[in-house]
Amino acid sequence: RGIMGLGTNRMNIHVIRHATQAFAELIVAEGTEAMKRGVCVCHDCRNNGVAFAREAAAIMAANGVHVRIFESLRPTPELSFAIRHYGAEAGINVTASHNPKEYNGYKVYWSDGAQLPPQHAAEIARRMENSDIFRAPHSMDFDEAVEKGLIEWMGEETDEAFLKNVEAQAINRDVVAKVADDFRVVYTPFHGCGWKLVPEALHRLGVKHLYPVEEQMVLDGNFPTVKSPNPENPEGFYLAIDLAKKVDSDLIIGTDPDSDRIGVLARRNGEYIPITGNQMGCLLLDYIINARRAAGTMPEHPAALILAFEESYGYMMGDYVRDKDAVTASMMAAEMAAYYYDRGMTLIDAIDELYKKYGFYSEETVNLFMYGVDGLGEMRALMASLRQTPPAEVGGTPVTRVRDYQTGDVVIPGLGVVEKTPIVGSNVLFFELSDGSALVVRPSGTEPKIKMYVLARGASAEEAKARKDRYAAYARSLAEKK
């Protein structure tokens with residue numbers, strides 16, 4: 001991802017051509033059958049998205065690689081689905097996810113529907129380094145390629161195949177039908193790709209009272225109603241909250257511009273409270289386990305892999321996509337909320353029940369922004385400093401273990417390296433504290449900032465929050481030492 005503009009370190013048509021030519025060469029090297037299987041191409045609502053996607057398709061076609069391209073913007077998970085549905089060799093998505101309007105991006109997938117394996121990414125980078133950005137690309141006229149059958153369109157038939165898989169994830173339609181006359185949901189796509197398929201999935205689930213935020217149903221890469229179209233930011237939901245209060249909604253759902261992540265707010269005492277990514281993941285896992293047990297559809301040897309999720313609001317269910325999927329997550333969030341509604345509870349009440357059962361937790365993500373070339377150096381310096389001289393305590397609480405996922409070392413202060421992490425090569429530091437809390441530090445892969453995840457636990461909600469506030473203050477203080 002990058003800011004759109006002129007230059008080799010910006011997102012523009014030349015960078016798209018250069019990357020796509022290298023990607024095409026990788027596919028050609030796989031052989032004739034790989035070229036016939038071809039690529040699926042997608043884009044979101046971003047400015048220049050259509051032009052970038054069509055140029056990528058034209059480059060592939062000129063290199064003899066067959067192309068299927070969506071007729072208009074589509075959710076990222078549908079691209080992941082389409083790759084495997086059509087047996088394609090690879091996929092390209094022109095998207096910058098939740099980044100501000102100035103950004104665009106180029107996301108690539110392999111034949112398994114997952115993001116590109118490291119060895120293939122390295123090969124594309126090598127080919128780009130050894131080729132001229134202006135002279136290397138082979139292109140042709142997009143319309144001519146369509147007329148010759150080198151590029152074909154994907155549309156409603158792909159949508160329907162994808163939606164059938166989404167629908168199959170529903171576990172308890174009866175409870176949705178039971179409360180459908182009263183249960184209300186407000187939805188916003190933040191001007192992006194969820195505008196069509198998310199409402200359709202909710203209607204098919206049985207939600208009768210769905211209220212889209214009309215101002216944000218308008219497809220617009222300038223995102224005129226929000227500073228940032230990121231469902232992690234509660235302030236972006238102000239229009240949704242106004243509408244929810246007007247229609248007396250029980251739930252608010254928002255999806256980011258490429259519809260691979262979902263933000264949820266639930267009502268309590270007339271106010272709408274954001275649910276964090278980790279809270280929603282635990283809620284969904286708990287609900288899916290209990291609902292599948294009740295329905296008799298739990299796998300013979302169940303594991304938490306019946307749901308995958310990440311802290312930054314991404315969820316994946318089923319095996320028909322290999323990336324985050326806000327369409328399915330929206331449907332499941334609505335089903336889960338309907339289940340608790342039938343019990344006279346909100347999702348906030350459900351979170352409280354989990355805390356009472358498993359312990360009290362509080363969390364906060366502290367972002368340390370460092371802009372420009374100097375900022376990149378500051379980020380590296382801060383990570384190096386934390387590695388070389390790990391803190392003995394965080395907010396007054398001793399650090400008991402340090403996990404360095406870059407080297408794989410697990411260090412106990414005073415004892416040295418005691419074991420290895422299961423994952424190696426990621427620029428992440430994990431500080432375990434003596435009270436069971438943790439501070440996790442890593443540079444963002446998409447924005448000029450270091451992210452610090454404060455994960456606190458306590459004997460009560462109040463104690464967990466107090467610890468979280470203390471550790472977050474420590475995290476923010478590191479900005480002064482950068």
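Tutor: Searching the whole structure, which is a predicted model, turns up 42 salt bridges.

Student: OK, and how many positive and negative side chains are there to begin with?

Tutor: The protein carries 52 positive and 66 negative side chains, and the centres of these two sets lie 3 Å apart.

Student: Let's take single pairs. What does Asp250 pair with?

Tutor: Asp250 meets Arg267 in a salt bridge, with an N to O distance of 2.6 Å. Asp250 sits in the loop between α10 (238-247) and β10 (251-255), while Arg267 belongs to strand β11 (residues 262-268), so the pair ties together parts that are 17 residues apart in sequence.

Student: Are Asp250 and Arg267 buried or exposed?

Tutor: Both Asp250 and Arg267 are buried.

Student: And what about Arg46, which partner does that one have?

Tutor: The side chain of Arg46 forms a salt bridge with that of Asp44, at 3.9 Å from N to O, and both of these residues are buried.

Student: Then Arg173, what is its partner and how far apart are the closest atoms?

Tutor: Arg173 is bridged to Glu167, and their closest N and O atoms are 3.9 Å apart.

Student: Which residues are linked in a network?

Tutor: A network of salt bridges links Glu71, Arg74, Glu78, Asp159 and Lys196.

Student: Switching topic, what is the overall fold made of, in helices and strands?

Tutor: The secondary structure comes to 15 helices and 22 strands. The radius of gyration is 23 Å, close to the 23 Å that the globule rule gives for 482 residues, so the protein is as compact as a globular protein of that length. Taken along the principal axes, the C-alpha atoms fill a box of roughly 65 × 60 × 45 Å.

Student: How much of the protein is buried?

Tutor: Of the 482 residues, 53% are buried. The accessible surface comes to about 20,900 Å², and carbon and sulfur atoms account for 51% of that area.

Student: What about phi at Phe223?

Tutor: The phi of Phe223 is positive as well, at about 45°, although Phe223 is not a glycine. Phe223 is found in the loop between β9 (209-212) and α10, and its relative accessibility of 2% places Phe223 among the buried residues.

Student: Last one: where does Phe369 lie, and how far is it from Ser97?

Tutor: Phe369 lies in strand β15 (residues 360-369) and, at 36% relative accessibility, counts as partly exposed. Phe369 and Ser97 are 272 residues apart in sequence, and their C-alpha atoms are 19 Å apart in space.

How values were computed: Residues numbered from 1 in each chain as written. Predicted model: local features only at pLDDT ≥ 70, side-chain atom pairs only at ≥ 80, totals over all residues. Heavy atoms only, no water. Helix = DSSP H or I, 4+ residues; strand = E, 2+ residues; numbered from the N terminus. Rg over C-alpha atoms; globule rule 2.2 N^0.38 Å. Buried < 20%, exposed > 50% of the residue type's maximum accessible area, 1.4 Å probe, protein only. Areas by Shrake-Rupley, 256 points an atom, 1.4 Å probe, with all protein chains shown as cover. Lys, Arg positive; Asp, Glu negative; His and termini not counted. Charge placed at Lys NZ, Arg CZ, Asp CG, Glu CD. Salt bridge = Lys/Arg side-chain N within 4 Å of Asp/Glu carboxyl O.
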